[in-house]
Every structure is written in structure tokens, then in C-alpha cells.
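The questions below take up terms used for this model, and each answer sets a value against its definition.

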Amino acid sequence: MLTFLMILVPFAFSLIVFFMKDKDLIRKLAFGSSIISLLICIYGAFLFDKSLEYNFYMNWTWIRTLGVNLEFGLDGIGFLLVMLVSFLLPLIILSSFSSNYSGTGNFYALILLMQSALYGVFGSLDGLLFYIYWELALVPIYFITSVWGGVNRIRITLKFFIYTLSSSLFMLVAIIYVYTLTPDPHTFSLFVICKLNLTESQQFWVFWAFLLALAVKIPIFPFHSWQPDTYTVSPTPGSMLLSGLMPKMGLFGVLRFIIPLCPLAIEQYGEYVVIFAVIGLIYGALIAIRQKEIKRLIAFSSLSHVGLMAAAIFTIGENAVSGSVIQMISHGINVVAMFFIADIIFLRMKTTQIDKLGGIAKSAPKLAIFFMIVMLANVALPLTNGFVGEFLMLGGLFSYNKIIAAIAGLSIIFGAVYMFWLYQKAIFGQTNAQTAIFEDLTAREMAIAIPIVIAIFVIGLYPTMVTGFSENAVHHLINL
Amino acid sequence: MNTIITLSVLGMITMIIGVSNKKDILLPVVFMGLLVALVFSSLEWGHSNHYFNNMLVVDNFSTVFSTLMIFGTFLIFLIARHYFRSFEKPMEDVYSVLLFSLVGAITITMMGNLTMFFVGLEIMSVSLYILAGSKKTSPSSNEAAMKYFLMGAFSTGILLFGITLIYGTTGTFDLFEIGKWTIENKDSVPLVFKAGIILILVAMAFKVGAVPFHFWVPDVYHGSPTLVTAYMATVAKIAGLAAFYRLFSMCFSNLQDFWGPIVWVLSFGSILLGNLAALHQSHVKRMLAYSSIAHTGYILMGFINFNNFTTGALFYYSAAYLLSTIGAFVVLMLVREDIKTGTVDAFNGLMKKNKFLSIAMIIFLLSLTGIPPLAGFMAKFNIFTTALENRFIWLTITAILGSAISVAYYFKIIIAMLLKVGSETKVILSARTKVLLVILVLMIIAIGVFPDLFLQLI
């Protein structure tokens, strides 16, 4: 029931907000809604029974003729991602208050709709339901980016939409295909689907169809070409949703469908995916080094990070997968923090070109400290949240294939290069006329920065808090 | 049966009212009549009846399709006054011809006999030729009527050839008898009979506008008055497809190995060409014409296997398509009023001018694209499920690519509404059009969220 409630709350608020006119009230309602979701989620964390396979399970008949049920439930991994969404949404909404988006009602309605759809993706235990929420999450972000985005948004967002929709349709075919293989009466229920024991040739089709959809969403090299442009052109709240939460849908899809459905296919083709993911990881990092604009730099660095996560998942080692789960959470927090910083800089300087910055540390010491913490988390310094996941993932990759692990390890060095370079150029260096009057973090911005900093250190110091939830789920998944 | 009688009488009354110059009661009478027909039609659900020695067979299939078509016509009439406002000459002849066409459409979904099939199809088609040319002063309308008439006459001829050949081999016009004959002579079907099937197939492909027999569609849809186009693209097309399905499932289902591949090609071609050609249209009407070709292709995917689920899926698709397409045409009519171009530019900046209208249009277009949870998604989903159950993987993949392509042109309109800057003129909606749009939007969402209601009707 709780899962369904979580989906319902933002959806209901999204409808209310959509029909409202008063701007301040809309903002308050949107923020209030995200806080309610967060509270429900925290309440859920206390109720969460780690020994169960699925918590908060519910099953209502929806379409009898087709065997589609409203079947919701959260395993450890799903719950962690729901927590991530609930944690980030208030921050994203709060950070969006600094910009004025015309058509406020529509804007926040779309953000809340996206939140609802994300809960649906992580909580669905029915193949078709999963797909519906998967597509539903795409529509709001398309409109957010195309209406409130930057230069060239029409072309870029259309490309993004067609790219993701057409690849997702292949996933739909795979879901229907698996459905037709279930014993009569057919059903989409995950419990049935995952126990199907497909033959090798069936797994082949299902694997590639799913992979296509998920690889575009994550994105895994060479399906990433929509990503940097879309991240850059999107308004900051959109970039945060796109980078912090959307890749997790793809990674979650791998854990939910590909691993249980196609063990034979992973054995056979998993290596190729790992190789491509690692190529993407190096490629993203190398390009990030050459970027001259903060948002693009973050986009490529994010590409690099999700590459590592994807590679780790496809090794299907227990350590690597649980590392990847931790990193999903950490990356979500860190990348949102990075975009938040980019937004602060943009609002004060009206530019995010790196060579126009410099010497911010003198006029804005709080921002400099916050930025440093986030940067160190991004380069996976011990004691920060980035370290735990990256360590586990690289360990997992090492036992999978030493050469691949060695190459993937380079990314840490590259990551340090572009992050330190960015930090040095933007925060230290020569002060110019504009950075000299750079205003430090306001109270509202502090209210966003502090939870992020706390989360970075808490996960870094007590990673068992995260793994505690996912442990059983990952174990169950790998040793099926 | 009562439905046909009601509608025929209604058509005649409409004419008489027109002659007696009482224009104020014209539309109310039409609405009343259509509502009565709707009630009669839906009351027949669950009963099977035969009339005139199996000339007409009323079963659930015919009942749901005729109810859908009457409902569609009702929706189209809701916008009629608004549309014909600018016309100076009396419109009662158009109204009555529209109603007669509906009678033909209903007749072919109820047919139990090839002669009835022919008669019904001609009632529908001849009315449509007249309707296509009903904007007498407009050259493009005349052109459309002429083109449609010539093409239609050809296809009618081909259809008659086919019927003759079938009759020649089986000695009967009765659909049940022909079906029985194919079972008895399963192994020794003469070539003449097969030639008959092909000719009927070609004629039907003409009527529903499937590739490669689609050449008339864009010109006729573009030239006809928009209201008539809306009717042609929805009610008439669905009637043709329903009759097509009924004929082939009743008579020729045993010979599917023979004609199945042909339908496969029709479907494949329609999906691919319809979507690709729609990409390059700047006129919204032409774009919707090509998109309707593509949708015909999707519906034809359902012809690969005849069972209850397929029939349900087919009906569901028809309903979803009818509602979304009528919606799109209605918005087009409203928008076009001020800007006479009818290109995508007519939609520029609509979001600022009229939020309600643009949200409605976005929902119609998203439904046509097939975005969950709207009706169009479930429709496509059902059709894909049937296709995949019968392992038509490549056809499904084509359909998917088609859907992906369709995003590009449907979104052209959405982008124009949201992001482009348009003229300052306000678009004002009458109460009736608002009701119409609200009905359409709510139904599209409701059908999409509760598909069970519609899938189990047949």
C-alpha cells in the first residue's frame, strides 16, 4: 500500500498544481508535496523488513483480459532508489525557486508527475506497469526541457525523445514476447516472468531488446549521443532529474529484468557490454577534461560514472553489484549537487564558461567549501560516499577481468584531473571584476547544501546503512 | 435493424426540415435521432438476430462497431454548426447525406451476404463522393470529389469482379455458406476462387486506403471540407476495416495461408510509407491523412489471426483511433478559422492563446503516438500482443519503428503550440465545442486506463 501511496501523493499534487494560478502558492504546494513524500519514505524506512523479498506488497487486478495487475512492492534496491528520489526532489524543487519559470503551475506539475512516475518505475512488479511508468517518466522531462530549456532545445529534445522512445518500444516488444511465453492465462507478473527459464535463443532476443532500451537510458557508449546536449540544454531542475534519477531507471531495469531473465545471455554477451561500458567510461572522462563549460563537463563526467556502474552490474558479481547500488545513490546525490553549484554560478555570473570564472573562493568561502566536498565525493576520496561504491565496483571488476579493471581504474585518475582542474580554475585563480562581487550561499542555498553534505559523509562513513537495505536483494538476485 | 431504420428515417426527416426552412430545429433533430439510434444500437448488445434470410446478421461485432460509428458521427455533428457557420448556403443536404453514409457504414458491419456488402458499401461510398465535393465553390473540393469518385468507381468494379468469381465457384452469396464451402473444399480450392479473394482484397485495400492503393487518400482528405475529412478518416475508414475483417474472418479464414502474406505486405507498406510520408507534410490535413494510412496498417496487423481477443483488440484500436483523430480534426477546425493556411504554423503559440485547447490537442496527439496511459498506447499494445503471439516479429518491429517515426511529425504540432510565437488573435471556444473536447479527452484517458471495458465487449 505504501508504494501506491507514494506514487499517488505527487500525482495528486501535480494535478492540483496544474490548475492553480498563484505562483507562490504553487511553489509552496510543490515543495510541500515533496516533503510529504519524503516523510512517507522515512516512515517506510522504519517499517522496512529486510528479511522480506518485497516490502509494501499490493496486488489489485487491473486489466483482467490481459492479465495485468496493479502489482507494487519494493525490494531493497527499489526502496533505496525510492529514498533517493524522495531525498532529491525537495532539494531540486527548492533549488528551482531561484529561477523564475513562466507557467509556474505547468512546470511544477511536470516535475511532480515525473516524481510519481519514478516511484512507479522502482515499485512496479508487473512488466506492463513498469513499462507504462517508464514512458510516463519520459513525457514530463521532455516538456520540461523543450519548454524551459536553452538554445537549440527543439532539435535536441526531439532527438532525445525519439531516441529514448524508439528504444523503449523494443523493450515493450520484449516484455510482450516474454508475456506470450508465460503459461496460460498469460501474465506480466514478475514472479511468473522471472521463473520462466527461457531457452538460449529466446534469451538472445530478450536480452538485446532490453539492452537497447536500457543502454539508451543509462546511457552506455555508443548510445550516449543524446545525453550531453540534453543535460546542457535542460533547465537546471531538468538536468538534475535527467542526470540524478533517469540513469538509475536504466540501471534498475538491468537488475530487475535482464539479470533474472537472461542469465545465459549475460554469460555469453555480458563481456561485450562491460567492454562498451568501460569504453564509455574512459571516453566520457577524456572528453570531460577538454570541456570549457561546467554543465557539459558534468554531463560527460556523469557519462563516465554511469559507465562504471553499468560495467559493474554486468559482471554480476555480488560485490560489484552492491557497489553499483551504493554508487547509484551516491552518484544521484553528487551529480545533483554539481548541477546545483553550476546553477548558483550561472545565476550570479550569467555564464558557466570556465575561463570566465576564477577566484570565487575569496568572495564566497562557503560555496568553495561546499564545492570542495562535492568535488572530493565525485573523485571518490575515502570517507565520502563516492569512495565506497567505486571501491567495491573496481574490486568486482578486478576479479572479473584484470585488464578491464585496470583500464576502468584510470577513470579515477581522469576524474581527479578534470574535477581538480575545474575547481582550480573556477574557485581559485585570479579574481575578475565579476567574481569579486560573487555573493556567497544564501540561507535557502545553505538549506540545500547542508543535507547534501550530510548525506555525502553519512554514506561515506556508514555505508552499511545503504547496503543494509540492498544486501538481501542483491544476494537474492545474483544467486538465483 | 432498428438502428438502420431510425437513421434512414432521420436522414429523410433532415431533408424535409431543410426544405421547409425550419433551420433552428435541424441540428436538435439530428442529435435526437442519433441518440435514439445509439440507444437502439446498444440495446442490441448480447442478442444475435438474423434478418431477411441472413442478409443482415446482428451480432456483438456489428453492434459494437455500429455503436462506435454512431457515436463518432454524433461527435462530428457537435462541431458541425461551428464549422458550417461561415457557409452561406443551407447545409441540410450535407447533414442528410452524412446520415445516409452512416446507414451504409452500419449496413456493411452487419452484412451476412455479399449483395448486402456491396449495397452497403455503395451507399456509404456514393454519399462520400457527394460529401467530398460539398464545398461547391472550392476547386480543391471538386477535385477531391472527382478523384475519389473515379478511384472509388474502379475499386467498386474490382470488388464486383471478385464477388462474381466467388459466386461462380461457390454458387452462393451467403457468407456462412461460403465459409462452409471453404471448409468442405479446403484441399481443392480452384484458382478462380483465389482470384476472387485477391480482387476483393484489392478493392477493400482501396476503400480503406492501404498502401499501395492509397494514392487517393492524401488528395481527397486534403481537398474535402475538414468536417467531411474527419468523418472519412474515422467513421468511414473504420466501417471499411470492420467489413473487411468480418468478410475475411467469416468466409476466408480457412485460406489464411493464401491471403495472409498479402495482408502482411499491405500492413507493412502502410505503416512504413504512411509514417515516412507524413514526416514531410507541412499541411496538417495531409499529415493526418498519411497518419491515417499508417493507422490502417496497424489495424491490418490484427488480421493475422482471428479470435475473440483479436476482434477486441481491433475494436479497441478503432475506438482509440476514432476518438483521437476526431479530436485532432476538431482542434484543427477551430484553429484554422483565423489563419486560413492549415499548415503547422496555424498552431504556433496556441498554448499562450488557449491553454485548454492546446492541452486537449497534446492529449490527442500523444494518444495517436501511443504514449501510456492514453488509449492509443493500449490499442497499439493489444495489436502488438496479437502479432507477437503469432510470432510476427518483423512486422512488430516495423510497427515500432513506425511509431518512433510518428513522434517526429505529431510533435511538430506540439512544438509549434508550445514553443513558437504565433499571432495575437484569441481562439474562442463555444460551450458546445468545450463539451465535445472534454468528452473526447476524458474518454481517451478512461479507455486507456480501463481497457477491460472495451476489450470484453465482443
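A helix here is a DSSP run of H or I with at least four residues, numbered from the N terminus. The model is predicted.

Q: Why is A:Ala380 called buried?
A: The cut-off for buried is 20 or more other C-beta atoms within 10 Å. A:Ala380 has 26 neighbours inside 10 Å, and therefore counts as buried. A:Ala380 sits in the loop between helix 15 (365-378) and helix 16 (385-400) of chain A. Its phi is near 65°, a positive value in a residue other than glycine.

Q: What makes chain B as compact as a globular protein of that length?
A: Chain B has 19 helices and 2 strands. Its radius of gyration is 21 Å, close to the 23 Å that the globule rule gives for 458 residues, so chain B is as compact as a globular protein of that length. Of the 458 residues of chain B, 60% count as buried. The C-alpha atoms of chain B fill a box of roughly 70 × 55 × 40 Å along the principal axes.

Q: Which residues touch the most other members of the largest nonpolar core?
A: They are A:Ala137, A:Val173, A:Phe210 and A:Ala311, in a core of 379 residues. Helix 13 (residues 308-336) of chain B gives the most to this core, with 18 residues.

Q: How do you know that this core lies between domain 1 and domain 2 of chain B?
A: Domain 1 (1-251) and domain 2 (264-458) of chain B both give residues to the core, so the core lies between them.

Q: How many residues does each domain of chain B bring to their contact?
A: The centres of domain 1 and domain 2 of chain B are separated by 22 Å, taken over C-alpha atoms. Domain 1 of chain B brings 35 residues to the contact and domain 2 of chain B brings 37. By class, the side of domain 1 of chain B that touches domain 2 of chain B has 24 nonpolar, 10 polar and 1 charged residues.

Q: How many residues of chain A are in contact with chain B?
A: 21 residues of chain A are in contact with 22 residues of chain B. Helix 6 of chain A provides the largest share of the chain A side, 12 residues. That side has 15 nonpolar, 4 polar and 2 charged residues.

Technical notes: Residues numbered from 1 in each chain as written. Chains lettered and ligands numbered in written order. Predicted model: local features only at pLDDT ≥ 70, side-chain atom pairs only at ≥ 80, totals over all residues. Rg over C-alpha atoms; globule rule 2.2 N^0.38 Å. Buried ≥ 20, exposed ≤ 12 C-beta atoms within 10 Å, placed from the backbone. Core = buried A, V, L, I, M, F, W, Y, C linked by C-beta atoms within 7 Å. Domains from an automatic or database assignment. Contact = placed C-beta atoms within 7 Å. Nonpolar A, V, L, I, M, F, W, Y, C, P; charged D, E, K, R; others polar.
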